[in-house]
Amino acid sequence: MATQEDLCVTQFFKQYEGFCPICQKKTTYRATSNWFRGTLTCTSCPNGSVPRERALALVLEEALPNWRELKIHECSPINRGISVKLKREARDLIQTQFYPDLPRGSTEREFRNEDLQKLTFPANTFDLFISLDVMEHIPEPKAAIHEIWRHLKPGGYMLCTWPVRKYQVEAMDRRVVFNEDGSIKEHLKPEEWHGNPVDSKGALVTVDYGYDIHQAIAHWAHFDVRVYRFNDHKHGILGEYTDVFLAQRRVFDNVT
């Protein structure tokens, strides 16, 4: 039989009171397991929200309080959390997904088709780029970072989340080697798959990122980079992989 102490620990472990930076309400955060990253949801958000979404929303509000007026590109939105908030409140928003079977730039499905490694947008187009847990699925992260930099205006921002392995210092460790045609040549580590809003098969993890990834980003493109990490009960940002990256394109840059 569980003791009173066990029950108190279980209750503390699975439920917190706080204020959600997405729905802007006092709320209760509840988790269905000890994997808070995927299960510590806000009970007030429509369709819920999870810690990485709240972390990005908190940084967005604090660093860019005028975000609703900006021209924004969100990559790989989902029907939950910050994606819903962006769609409802941003005045100039384009949301994109990657459909490998369609031409890049196609708009024949719900979202415009874009490959982060080869964007079809003109240079100097957006004030802000946002993605949640996309970069760990990109075959060539360096190419994606450069393309994001290119399609931002000078002074524009990249705001992203992706898992950073706490045991790894090296910026990037590949899990998969690809052929030139994009097919998989070799798996260097056991396969790991995450959810994919446009493919029930999921999204293959191609890269593990380590502590020094912020240094690599600044080397790959002219970005100034900040990394935010959290243990924040009030905003329900707890558990593994709470990293948020905020990178600003240097204002003296110009590309055509």
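Mentor: Two structural elements are in contact when heavy atoms lie within 4.5 Å. The model is predicted, so local features need pLDDT of at least 70 and side-chain atom pairs count only at pLDDT 80 or more, while totals for chains, interfaces and linings use all residues. Residues are numbered from 1 along each chain as its sequence is written, and side-chain values use heavy atoms, without hydrogens and water. Helices (H or I, at least four residues) and strands (E, at least two) are DSSP runs numbered from the N terminus.

Trainee: Which strands are the edge strands of the open sheet of seven strands?

Mentor: The pairing in this sheet is mixed, and the order is E6-E5-E4-E7-E8-E16-E15. Strands pair if DSSP finds at least two bridges between them. Pairing on one side only marks the edge strands, E6 (112-113) and E15 (223-228).

Trainee: At about what angle does helix H5 run to E8?

Mentor: Axes are lines fitted to C-alpha atoms, for helices over the stretch in contact, and angles between N-to-C directions run from 0 to 180 degrees. Helix H5 (residues 141-151) lies across E4 (71-75), E7, E8, E15 and E16 (244-249). Its angle to E8 is about 135°.

Trainee: And what angle does the direction of helix H6 make with that of E15?

Mentor: Helix H6 (residues 213-220) packs on the sheet and touches E8, E15 and E16. With E15, the angle is about 160°.

Trainee: Why is one side of E1 and of E3 left without a neighbour in the sheet?

Mentor: The open sheet of three strands is antiparallel, in the order E1-E2-E3. E1 (15-19) and E3 (41-42) stand at the edges, so each has a single partner strand.
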